[in-house]
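User: I'm new to reading protein structures. Could you walk me through this one, feature by feature?

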Amino acid sequence: MTMFFILILAPLLAFFVCLLSYRREVLEYTTLAGAVMSAGAALMLAPSVAFSGPLSALSIFTIDSLGAIGILLTAIIGLAVVAYSIGYLREETKRGFVTSHQVRLYFVLLNIFIAAMIIACASAVPIVTWLAIEATTLATVFLINFYNKPTALEAAWKYLLINSFGLLIGFFGTILYLATTIHGGASLVTWSALLAHAGNLDPALARLAFLFVLIGYGTKVGLAPMHTWLPDAHSKAPAPISALLSGVLLNIALITIVRFKMITDIANGATGYTQKLLIAFGLFSIIIAAFIMLTQKNYKRLLAYSSIENMGIMALGFGFGGVGITAALLYMIYHALTKSTLFISSGTIFLTYGTTKIERVHGILATLPTTGFVFFATILSIIGLPPFGTFFSKILILATGFGAHPIVVAAALCAFTIAFIGFLRHTTHMLFGAKPDTVAPVVMSPWLILPPIALLSLLAFLSIYIPSTLTTLLATAATQI
Amino acid sequence: MTIQFTIACALFLTVICMHVTRKNYTAIALYAVQSFIIAILLAYTALSAGSRLLLAVALITLLVKTIIAPILFGRMIRKNKTFFSAQAHLDLPIVALIVAALTLLPHLSALAPLVAIAPSFATELYLTLSALCISIFFLINRRDVLSQALGILSIENCIVSYAVFSGLEQSAILQIGIVNDVCIWIIVVTMLASRVYKKFDTLDTNTMQQLTD
């Protein structure tokens with residue numbers, strides 16, 4: 001129980017300390033301490049959830065297998081992002097791009113962002129989950145507009161408006177599910193209560209509710225055609241924030257959709273309704289993203305479109321069902337680690353080259369050997385090459401769907417090829433070649449180098465060996481779905 | 001005529017009027033009236049149920065949506081001297097046609113389960129769902145930042161009234177959480193809208209088209 005409270009309270013306490021403090025060291029180390037404590041608590045709670053079942057606290061928190069996976073991703077990637085943010089903001093301050101006021105705002109909002117994501121995963125109540133996801137939107141608006149440039153403001157406004165609308169539609173869908181259990185009730189309706197009473201729900205109402213939920217939370221996931229905010233927001237936010245947005249937040253929204261899928265499937269019977277919708281939205285996202293990636297000129301937008309493609313792959317996995325669900329969950333973990341490493345590496349590239357335009361970046365391996373290597377390795381992972389886990393899990397997803405949906409798999413494979421060509425074309429231009437004369441050497445602090453190396457090492461480790469705790473969490477979550 | 005029917009009609013009319021007006025102050029006043037109606041609905045439900053907590057929810061709703069929101073939006077208008085809203089994407093006659101179509105939309109058989117939840121309040125639910133669709137259209141049709149924000153808030157009001165009419169309202173604590181969220185949303189949107197005006201010298205979102213692929 002103590003670990004449960006540390007997990008949730010550590011980032012909240014760090015938020016309050018940052019709110020009261022103006023000293024940079026206090027802001028940095030309090031946030032870091034909060035992230036370390038959260039990560040430690042998450043790592044200690046995960047085996048309990050895996051081997052002893054869901055953990056509950058108060059009446060609004062429960063960590064089940066699915067939630068534990070989300071919490072592990074949030075806490076571990078959150079820690080790497082916090083550590084990287086320290087170095088990133090110090091470098092930005094040194095160059096005069098960021099004021100001390102902005103640094104304070106950054107750490108205040110980062111803490112509340114991480115806390116909201118943990119609460120969304122640990123929530124036992126669908127409306128609390130909704131509130132937490134809405135809180136992530138409000139916390140990140142000013143992080144996206146961090147540099148306060150016209151383009152950043154445009155991205156922030158689009159993000160706020162489209163996500164608020166999406167989440168309201170998601171909220172509407174959520175309250176429709178409450179028809180399973182209550183009429184004018186005063187008690188809290190939990191996920192488990194919804195599941196237990198799912199059989200009472202009118203199947204037609206369940207189908208409508210899931211459609212609203214999929215469109216609503218799907219907006220937050222970045223599924224096409226509701227994805228329009230994502231490339232703008234992820235490309236304009238500071239790199240560490242993009243890493244959290246792309247690597248963690250999208251997964252949390254997807255996990256929420258999956259929870260509603262479980263309820264709808266019980267209410268609706270074996271009609272394959274939710275599966276068809278997930279496959280349709282997933283495939284559309286993959287195709288749209290693949291074509292835009294081919295002609296992309298901005299590397300942060302390239303990574304953002306890659307997130308849309310990868311969310312589509314996960315939606316396909318959940319849609320195909322069976323082993324595809326386990327593969328989709330595995331892919332979620334690998335993608336989260338890969339994408340967050342790519343985004344924070346892109347931050348170092350931006351600090352060095354001062355641009356996000358692909359044509360003006362070349363010779364990264366010569367200019368930044370360590371970051372270049374990390375970037376290169378994670379590029380191999382994101383395009384789905386062995387030995388990375390993304391390769392095996394993606395193949396597993398496609399193999400699961402091949403029997404029942406051969407046309408979908410064929411179309412997805414074509415889109416993957418296009419995305420592969422696009423990604424490789426852009427990144428080979430960026431990685432190879434001589435060191436440009438115009439680029440001034442940057443003294444790399446450990447804060448900038450160690451977090452991406454740590455994430456890449458974890459990705460490589462999990463690609464070869466999956467610990468029993470994680471295997472059990474994945475197996476339990478897949479059985480539930 | 002029941003109080004619920006009167007409230008649903010009033011809600012529907014405020015959304016229609018929001019489409020007609022071009023003045024920012026009028027749009028804000030209409031939102032305040034709409035929110036006042038929602039607060040009355042919540043208070044009526046609270047009194048019927050004899051719940052003090054639900055009454056507190058109604059009062060907080062009244063405070064946030066009919067007092068704080070208009071004050072913040074009004075201050076923004078005065079500060080930036082944006083008394084008239086930007087043009088809508090579509091002209092009024094076309095808007096009227098679309099609004100008429102959206103009014104009928106909830107009567108589609110595919111959407112029948114949304115009304116079947118509470119057959120005794122079928123008319124009220126039809127009106128609320130129409131108002132919801134028209135609010136979404138308001139959000140899409142308007143080009144200025146303030147109207148878009150009011151569109152989102154109007155959608156939220158329609159969902160709240162739908163939840164009350166269908167008997168799917170949440171526990172009082174969660175409702176307070178939701179109103180609190182709305183309050184923070186209003187503060188964030190006001191701050192962001194002021195920055196938009198400072199950067200672009202207008203609240204028209206058509207000027208924000210620099211981010212393309």
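This is a predicted model: local features need pLDDT of at least 70, side-chain atom pairs count only at pLDDT 80 or more; totals for chains, interfaces and linings use all residues.

User: How many residues does helix α3 of chain A have, and what span should they cover?

Analyst: Helices are DSSP runs (H or I, at least four residues), numbered from the N terminus. The expected span is 1.5 Å times one less than the number of residues. For α3(A), residues 65-94, the 30 residues should span 44 Å, and the end C-alpha atoms are 43 Å apart, which agrees.

User: Is α3(A) mostly covered or mostly open?

Analyst: Count C-beta atoms, placed from the backbone: a residue is buried if 20 or more others lie within 10 Å of its own, exposed if 12 or fewer, and partly exposed in between. In α3(A), 27 of the 30 residues are buried, so by that definition the helix is mostly covered. Just after α3(A), A:Gly96 takes a positive phi of about 80°.

User: How do I describe two packed helices?

Analyst: You give the angle between their axes and the distance between the axes. Axes here are lines fitted to C-alpha atoms, for helices over the stretch in contact, and angles run from 0 to 180 degrees between N-to-C directions. Take α12 (residues 299-320) and α13 (residues 323-353) of chain A: they pack at about 170°, with axes 8 Å apart. That makes α12(A) roughly antiparallel to α13(A) (under 35 degrees is roughly parallel, over 145 roughly antiparallel, 65 to 115 roughly perpendicular, and the rest oblique).

User: What kinds of residues make up the contact of α12(A) with α13(A)?

Analyst: Two residues are in contact if their C-beta atoms, placed from the backbone, lie within 7 Å. Ala, Val, Leu, Ile, Met, Phe, Trp, Tyr, Cys and Pro count as nonpolar, Asp, Glu, Lys and Arg as charged, and the others, Gly among them, as polar. This contact divides into 13 nonpolar, 6 polar and 2 charged residues.

User: And which residues meet between α15(A) and α17(A)?

Analyst: The axes of α15 (residues 369-382) and α17 (residues 406-431) of chain A come within 11 Å and cross at roughly 170°. Among the residues that meet are A:Phe376 in α15(A) and A:Phe423 in α17(A).

User: Which residues have the most contacts inside the largest nonpolar core?

Analyst: A nonpolar core is a set of buried Ala, Val, Leu, Ile, Met, Phe, Trp, Tyr and Cys residues joined through C-beta atoms within 7 Å. The largest has 258 residues, and those with the most contacts inside it are A:Ile71, A:Met117, A:Ile144, A:Ala156 and B:Ile159.

User: How many residues of chain B are in contact with chain A?

Analyst: 33 residues of chain B are in contact with 35 residues of chain A. On the chain B side, α8(B) gives the largest share, 14 residues. That side divides into 21 nonpolar, 6 polar and 6 charged residues.

Methods
Residues are numbered from 1 along each chain as its sequence is written. Chains are lettered from A and ligands numbered from 1 in the order in which they are written. Helices (H or I, at least four residues) and strands (E, at least two) are DSSP runs, numbered from the N terminus.
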